[in-house]
Amino acid sequence: LAPGTYQRCLLVNPGPLVFTRSTVAKIGKLDPSYQDWHWWLDYALRAHQNGLANIILSIDALHKKFGNCRASVVAGDAEGWEPKDRALLNQKWSGLFGRSIV
């Protein structure tokens, strides 16, 4: 998307995310059953199920790092929570779609 444009979508990625207070008032807080992963997909599906629109907004951002430059690292999952959280997400939502979500 071009910077400054937006588009409706069903699912979102984990960040940065912004939830209005009215959204939280309508559908509640994040599900604490998720340890580290896929909570953003669950919340997007809950918003959709409650008649709200998920929007992806493109912005033009400059990322700067201060101090030492280190190699980027993908978030680790030493405790193995990703498969557990994925199973929870699919348990909750696969019936709605007739297949696994992720």
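**View 1. Glu82, a buried residue of helix H3.** With a relative accessible area of 17%, Glu82 counts as buried, a word that here means under 20% relative accessible area, whereas exposed means over 50% and partly exposed lies in between (1.4 Å probe, protein chains only). The model is a predicted one, in which local features need pLDDT of at least 70 and side-chain atom pairs count only at pLDDT 80 or more, while totals for chains, interfaces and linings use all residues. Residues are numbered from 1 along each chain as its sequence is written, and side-chain values use heavy atoms, with hydrogens and water left out. The side chain of Glu82 is joined to that of His38 by a polar contact of 2.7 Å, the term standing for a pair of N or O atoms within 3.5 Å, of which, within protein, one must be able to donate a hydrogen and the other to accept it, and where residues adjacent in sequence count only if both atoms are side-chain atoms. If neighbours within four places in sequence are left aside, Glu82 is in contact with Trp37, His38 and Asp77, contact meaning heavy atoms within 4.5 Å.

**View 2. His38, in the loop between helices H1 and H2.** Helices (H or I, at least four residues) and strands (E, at least two) are DSSP runs, numbered from the N terminus. His38 is buried, since its relative accessible area is 8%. Although His38 and Arg86 are 48 residues apart along the chain, their C-alpha atoms are separated by 6.5 Å. Beyond its neighbours within four places in sequence, His38 is in contact with Glu82, Asp85, Arg86, Leu89 and Val102.

**View 3. Helix H3, with its bend at Gln91.** Helix H3 covers residues 81-97, and its 17 residues should span 24 Å at 1.5 Å a residue, which agrees with the 23 Å between its end C-alpha atoms; the expected span is 1.5 Å times one less than the number of residues. At Gln91 the helix bends by about 40 degrees, the bend being the angle between axes fitted to the seven residues ending there and the seven starting there. The buried residues of H3 are Glu82, Asp85, Leu88, Leu89, Asn90 and Trp93, and they pack against helix H2. Just after H3 comes Gly98, which takes a positive phi of about 70 degrees.

**View 4. Helix H2, largely enclosed by the rest of the structure.** Why is H2 described as largely enclosed? Eight of its eleven residues are buried, so the rest of the structure largely encloses H2. These are Trp40, Leu41, Asp42, Tyr43, Ala44, Leu45, Arg46 and Ala47, and they pack against helix H1, strand E2 and helix H3. After H2 comes Gly51, whose phi is positive, near 80 degrees.

**View 5. Asn50, in the loop between H2 and E2.** Asn50 counts as partly exposed because its relative accessibility is 32%. In sequence Asn50 and Ile27 are 23 residues apart, but in space they are 7.1 Å apart, C-alpha to C-alpha. With neighbours within four places in sequence left aside, Asn50 is in contact with Lys26 and Ile27.

**View 6. Ser58, in the loop between strand E2 and helix H3.** Ser58 is buried, with a relative accessible area of 15%. Its side chain reaches the backbone oxygen of Ala2 at 3.5 Å. Apart from neighbours within four places in sequence, Ser58 is in contact with Leu1, Ala2, Pro3, Gly4 and Thr5.

**View 7. The largest pocket, which holds about 690 Å³ of space.** A pocket, found on a 1 Å grid over the protein atoms alone with a 1.4 Å probe, is an open set of points with protein on both sides within 12 Å along at least five of seven lines, and its lining residues have an atom within 4 Å of a point. Grid points are joined across faces, edges and corners, and the volume is the space filled by probe spheres set on the points. The lining of the largest pocket has 26 residues, of which Pro16, Leu17, Val18, Ile55 and Ile56 lie nearest its centre. The elements that give two or more residues to this lining are H2 and E2.
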